[in-house]
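Please open the model in your viewer and keep the selection tool at hand. The tour below goes from stop to stop, saying what to select and what is there.

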Amino acid sequence: MKSSGRKVWIEAATFTLYGMRARLLSLLAVAGCALTVAAAQPAGAQAASGIEYGLTDDAWLTDGPGTLDSRLDKLQAIGVKVVRYTLAWNEIAPTRPAQPTDPADPGYDWSRADTVLDGLHARNIDVVLQLLGSPKWANGGRPSNYVPTSGSSFSAFATAAATHYRWVTRWLIWNEPNQLRWLRPASPRLYTLRLLNPGYAAIHGVIAGAQVAGGGTAPRGGSGGISPVAYLLGMHAAHATLDAYAHNPYTLDPRHESPVSGGCTHCATITMATIDKLVRLAAVNFPRARIWLTEYAYQSNPPDRVLGVSLAKQARYIAEGAYVAYRTPRVDLLIHFLYQDEPNVARFQSGLVTLAGRAKPALAAFRLPLAETHRTGSTTSLWGQLRAPESGTTVRIERLVGSTWRAVGVAHADARGFFKVTATLPPGTRVRAEADTVVGATLTIV
């Protein structure tokens, strides 16, 4: 697929997230406090089974600075275990293949995707392969966000893709089909009958044990779209077949909504703060399906003075979002959107690094997340995960006293790197986690 600069094929939520470009305008440290760290507890039974944390940034991964190997090195260094990557049907098959189920047909050009996917496969980085974008020959000569005129054409493409990438076991059918920018019409029935169900059958027909996710819904329908609640119910009414329900639980109000609070519980929207709504709906309508959170992030200010939160809040929310996903039943995946900020400030600035490649606090928060989960008086519970390969299994908890970080205790992570800590931490205390050479972001107790 052709890509110019950092043009992202999956504009993910530009803006689902906010559907508004209204101008939003855009902790104190306490030194010398007493701090006692309780023995670390292993991850509890409430943790989602085998949850994985990953990243998606097609443009950076394909065309970013340096070599592909150097970019993959960066992903491995911060502990990325899974990458969501997009196969653009309209770019891989701009003209109708003569043998549409045969990936070797000259009508298919897999070369651009092969380079990235072969690199990920060689590094043992798992992939969620997203199928997106209908070619003109399949949708009546319209733009790529129009539903194909029949399910057979998409079924053939899904068969060819699954045959070509047999090693990929996790697949996602489309991105945010409840928004018109991604699928016209925004009909859960047409999505199910012409995309999801044909794709599900085709992929399962090729790959034994494949997992195929449907939905991939935005947190709200936006102009002319359909809310994620109505879309999920419409998919159920159309007899959708899926192994996982995918959703992108972006905040709708970065000023007042964090991953753990501020969401609208009575609305038909679904954000991270109201993720329990999705769990309940999925349990009733797709009781055997898992939940994948396939795109999530907060933008930072700088550079986005409109929709960004402070650099410290962005780092905090990365860890809090990871904790919410961890504690939520049925959730198996949480994918962060963007490694690097985009050149156009009106687009996504949710990267872990700036456009110039400088690390934000968010990068440290991704490598070694540390979240405040509960506080009663000065007794504070913390949760975290050692993700970076060199972080080992032991984590030191430190607090800032004046300008010096002082170690106050040690915690031991479980087999998946998760750890829990209970400590005496009054509001305003600044703490961080450190594991060997890996240092997490500073967290202010609130």
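Leaving aside its neighbours within four places in sequence, which residues is T269 in contact with? They are P219, R220, P228, L252, C264, T274 and K277, where contact means heavy atoms within 4.5 Å.

Before going further, note that this is a predicted model, in which local features need pLDDT of at least 70 and side-chain atom pairs count only at pLDDT 80 or more, while totals for chains, interfaces and linings use all residues. Residues are numbered from 1 along each chain as its sequence is written, and side-chain values use heavy atoms, with hydrogens and water left out.

Stay with T269, which lies in the loop between β6 (244-247) and α9 (275-285); helices (H or I, at least four residues) and strands (E, at least two) are DSSP runs, numbered from the N terminus. T269 counts as buried because its relative accessibility is 16%, and buried means under 20% relative accessible area, with exposed over 50% and partly exposed in between (1.4 Å probe, protein chains only).

Next, select R71 in helix α2, which covers residues 68-77. R71 is buried yet has no salt bridge, and the nearest side chain of opposite charge, that of D63, is 6.3 Å away; a salt bridge would need a side-chain nitrogen of Lys or Arg within 4 Å of a carboxyl oxygen of Asp or Glu. The side chain of R71 does reach the backbone oxygen of G64, at 2.8 Å.

Now display the open sheet of three strands, ordered β9-β10-β13 with antiparallel pairing, where two strands pair if DSSP finds at least two bridges between them. Strands β9 (370-376) and β13 (418-424) stand at the edges with a single partner strand each, so one side of each has no neighbour in the sheet. From one strand to the next, the twist averages 20°, with axes being lines fitted to C-alpha atoms, for helices over the stretch in contact, and angles running from 0 to 180 degrees between N-to-C directions. Strand β10 (residues 379-385) is joined to β13 by seven bridges, and Q385 has F418 in β13 as its bridge partner.

Finally, select S391, in the loop between β10 and β11 (394-401). S391 counts as buried, at 1% relative accessibility, and its side chain reaches the backbone oxygen of A388 at 2.6 Å. Not counting residues up to four places away in sequence, S391 touches L386, A435, D436 and V438.

Notes: Lys, Arg positive; Asp, Glu negative; His and termini not counted. Polar contact = N/O pair within 3.5 Å; in protein donor to acceptor, adjacent residues only side chain to side chain.
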